[in-house]
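Please look through the structure below, beginning with the ligand and the residues around it.

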Amino acid sequence: MSHPERPVLMIVAAPAGAGKTTLCDRLLAEFPRLRYSISCTTRQPRGNEKDGVDYHFVTEEAFQSRIEHGDFLETANVHGNWYGTLHGTVRDALQAGDDVIMDIDVQGAESIRAAMESGEDLLRDSFFDVFILPPSMQVLEARLIARAEDTSDVIKTRLGNAVGEMECQHKFAHVMTNDDLDQATADLRKIYLSECKTQGGRA
Ligand code: 5GP
């Protein structure tokens, strides 16, 4: 049965440097009823990142305590730091009728897919996922170097992880490439709007 006002829960995953944060930001700027799911992380803020906007930056102890309270829909250790999606954030937004966009890693997408199997109807019925590919490993490396946020060791780890992450692309409902940013924005918009239509949302 179709629900004319059912919100969508969109997971966007990609290797670091594929441009998913920029693409998510562009979609968020365009669609006011799309909410960003702010994750918790134990990593340090980078550059202009703000607590409560980009992430909830927490200590390892606080993260553990939230695990014990059952606050997370999923958690993952990515590149040596902990990340977790807050169940309450996602559920509250969907219950309010808003669409949700989650920027998480491949392990997180896997956990959410598994949780959906047995999860609440609201989450299960709203969910779809998108994997964003870089045009090539060379371009990915060049982007990580150009953004100058990581040491060369961290870049090496991220590139190594990217290979394994890209092997999981077949598990995603949608796969797209971010070569040209405007074209990729258009592609992601099209996926979002088509899922809203299929699932009965109101973009
Ligand atoms: P960054 O440290 O560059 O912000 O993020 C590193 C990776 O962690 C990215 O792939 C990002 O999508 C992922 N990530 C951010 N938040 C979460 C989360 O709540 N859960 C999971 N599983 N991954 C996350």
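The paragraphs that follow treat the ligand site and then one arginine.

This is a predicted model, in which local features need pLDDT of at least 70 and side-chain atom pairs count only at pLDDT 80 or more, while totals for chains, interfaces and linings use all residues. Residues are numbered from 1 along each chain as its sequence is written, and side-chain values use heavy atoms, with hydrogens and water left out.

The ligand is surrounded by 16 residues, each with a heavy atom within 4 Å of it, and the closest are Arg43, Tyr55, Glu74, Tyr83 and Asp103. By class, this shell holds seven charged, five nonpolar and four polar residues, where Asp, Glu, Lys and Arg count as charged, Ala, Val, Leu, Ile, Met, Phe, Trp, Tyr, Cys and Pro as nonpolar, and the others, Gly among them, as polar.

Taken alone, the ligand exposes 510 Å², of which the protein buries 94% (accessible areas by the Shrake-Rupley method with a 1.4 Å probe).

Arg33 counts as buried because its relative accessibility is 13%, and buried means under 20% relative accessible area with a 1.4 Å probe and protein chains only. The side chain of Arg33 reaches the backbone oxygen of Gly97 at 2.6 Å.

Note on methods:
Buried means under 20% relative accessible area, exposed over 50%, partly exposed in between (1.4 Å probe, protein chains only). A polar contact is a pair of N or O atoms within 3.5 Å; within protein, one must be able to donate a hydrogen and the other to accept it, and residues adjacent in sequence count only if both atoms are side-chain atoms.
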